[in-house]
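Please keep the sequence and the 3D view at hand while reading.

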Amino acid sequence: MRIVLVGAGYVGLVSGACFADFGHVVTCVDNDAAKIDALRAGRIPIYEPGLDELVEKNLAEERLNFSTDLKAAMADAEAVFIAVGTPSRRGDGHADLSHVYTVAREIARSIDDFVVVATKSTVPVGTGDAVERIIRETNPDADFAVVSNPEFLREGAAITDFKRPDRIVIGTDDERARVVMGEVYRPLYLNQAPLLFTARRTSELIKYAANAFLAMKITFINEIADLCEATGADVQEVARGIGLDNRIGSKFLHAGPGYGGSCFPKDTQALVVTAQDAATPLRLVETTIAVNDTRKRAMARKVTAACGGKVLGKTIAVLGLTFKPNTDDMREAPAVSIVRALQDAGARVHAYDPAGMDQARQLLDDVVFAASAYDCAEGADALVIVTEWDAFRALDFKRLAEIMRGRIVVDLRNIYQPEEIERHGFVYASIGRTNAQSRSAYVLRETEAEEVPAGAAGE
Ligand code: UGA
């Protein structure tokens, strides 16, 4: 099949490379000529494990092409995917659809024969109708069907997610489009990936509901972690204890410094405003956003508390800056709020990240960027693990004890067991876990009903 992806960003590139790897002939189109030139030369603008090899292989086998010419790319194409960004519109939280609409017009002008126009960008419910209207108005003779086909891939695991999806959602009621989309995903269907056909608006909402639910799940376990700390329980055991219930499931129950990234923050916000406009406010999602926002800076207070209530004049070594490991993406990363709050409180911050330093330099001022984890820890009063990169999972604490000035470790991702660190003379703080000393601080207040009337006791 011939497929076009418009937008050679994260979703467009990963999807294009994976479609090509299935055997389709794919052209990724972008209006950024410098980016297209770089891609043709095999240079990938984003950090995603395995993507460079996949692009290189499919370029060499001539199934993957890059172009700025949409009209030429669309000749003979059976499907064209819109994969441009939908950032938060400044000021009101709605998704900014201007790129999607611009691309819809450009596609309209390039349609010759029947083509499926599939939206992969995350777009609010009803956008497919608007795209259809725009194409019809721009090119009244065009033969096309607009389909919603949301993407569920995670940064850092995007290729595996694309090739082994939990499900593929296709929103359309057009029979011809169903056949084309079935063909596009046939290689995955043969791998038993469920293909879920729905109405277009339903499909658009599935994407937002999925991200909002996951954001809520993380936020729930983060609040339970706070309660664990206050009551002497262990959040990791609570997460395991509830996660083994199949109705709950064990994933996305890892307590931490709050979710970040390019998706959860903007998508929850966009869903909330859509729901408000539809006069059906989503209070749970509104609260999730508020709780997550306050959590990021609260993490800086946790570091301060671990440092004895004051970080003024102290040197804090921050390990991990990206919003999660295996990406260089710093968007909405908890590290940004944490570093700024620590600086506001008078701390000097040293930082190291295996991939996010270039992006972090643009966001953070007055930070000493180090060349390695140990370089970062040199002379520090406290070490804070903000992102759980594999490279931080087996730190040499004997060496850290020699090079650090202080003996404090704050592990905001619970990648260590307290005993492992405490053995080396460190004071260790983590998320939702307590030591014997703090456990003794909480005692259940015993209350009893004053008087139980006869016959009222028992069920
Ligand atoms: C998320 C979704 O997981 C994808 O399914 C979706 O396709 C994507 O958004 C999108 O809409 O494009 P992503 O933002 O790449 O993917 O990252 P996640 O792995 O979901 O992590 C998001 C944030 O939640 C990170 O800051 C991570 O550290 C945090 N998180 C995740 C936790 O704090 N605890 C967890 O248990 C899981």
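Predicted model: local features only at pLDDT ≥ 70, side-chain atom pairs only at ≥ 80, totals over all residues.

In the class counts that follow, Ala, Val, Leu, Ile, Met, Phe, Trp, Tyr, Cys and Pro count as nonpolar, Asp, Glu, Lys and Arg count as charged, and the others, Gly among them, count as polar.

**The cavity**

- The count of cavities of 30 Å³ or more comes to 1, and the largest cavity holds about 40 Å³ of space.
- Its lining is formed by Thr 119, Ser 121, Thr 122, Val 123, Ser 148, Pro 150, Glu 204, Lys 207 and Tyr 208, which divide by class into 3 nonpolar, 4 polar and 2 charged residues.
- Helix H10, which covers residues 200-231, gives the most to the lining of this largest cavity, with 3 residues.

**The second largest pocket**

- The second largest pocket has a volume of about 560 Å³, and of the 22 residues that line it, Tyr 428, Ala 429, Arg 433, Thr 434 and Asn 435 lie nearest its centre.
- At least two residues of this lining come from each of helix H13 (283-306), helix H18 (418-422), strand S14 (427-430) and helix H19 (436-439).
- By class, the lining of the second largest pocket has 8 nonpolar, 7 polar and 7 charged residues.

**Helices H5 and H6**

- The axes of helix H5 (residues 98-110) and helix H6 (residues 127-138) come within 8 Å and cross at roughly 40°, and the two helices are therefore oblique to each other.
- The crossing of H5 and H6 is right-handed, and the contact is made by Val 100, Tyr 101, Ala 104, Arg 105, Ala 108 and Arg 109 of H5 together with Thr 127, Ala 130, Val 131, Ile 134, Ile 135 and Thr 138 of H6.
- Sorted by class, the contact of H5 with H6 has 8 nonpolar, 2 polar and 2 charged residues.

**Helices H6 and H10**

- H6 also meets H10, where the axes come within 8 Å and cross at roughly 130°, which makes H6 oblique to H10.
- On the H6 side, Thr 127, Gly 128, Asp 129 and Glu 132 take part, and they meet Arg 200, Arg 201 and Glu 204 in H10.
- The residues of the contact of H6 with H10 divide into no nonpolar, 2 polar and 5 charged.
- Glu 204, listed in this contact, is also one of the residues that line the largest cavity.

Methods. Residues numbered from 1 in each chain as written. Heavy atoms only, no water. 1 Å grid on protein atoms, 1.4 Å probe; cavity = no way out; pocket = protein on both sides within 12 Å on 5 of 7 lines; lining within 4 Å. Points joined across faces, edges and corners; volume = space filled by probe spheres on them. Helix = DSSP H or I, 4+ residues; strand = E, 2+ residues; numbered from the N terminus. Axes fitted to C-alpha atoms, helices over the stretch in contact; angles between N-to-C directions. Parallel < 35°, antiparallel > 145°, perpendicular 65-115°, else oblique. Left-handed = near helix turned anticlockwise from the far one by under 90°. Contact = heavy atoms within 4.5 Å.
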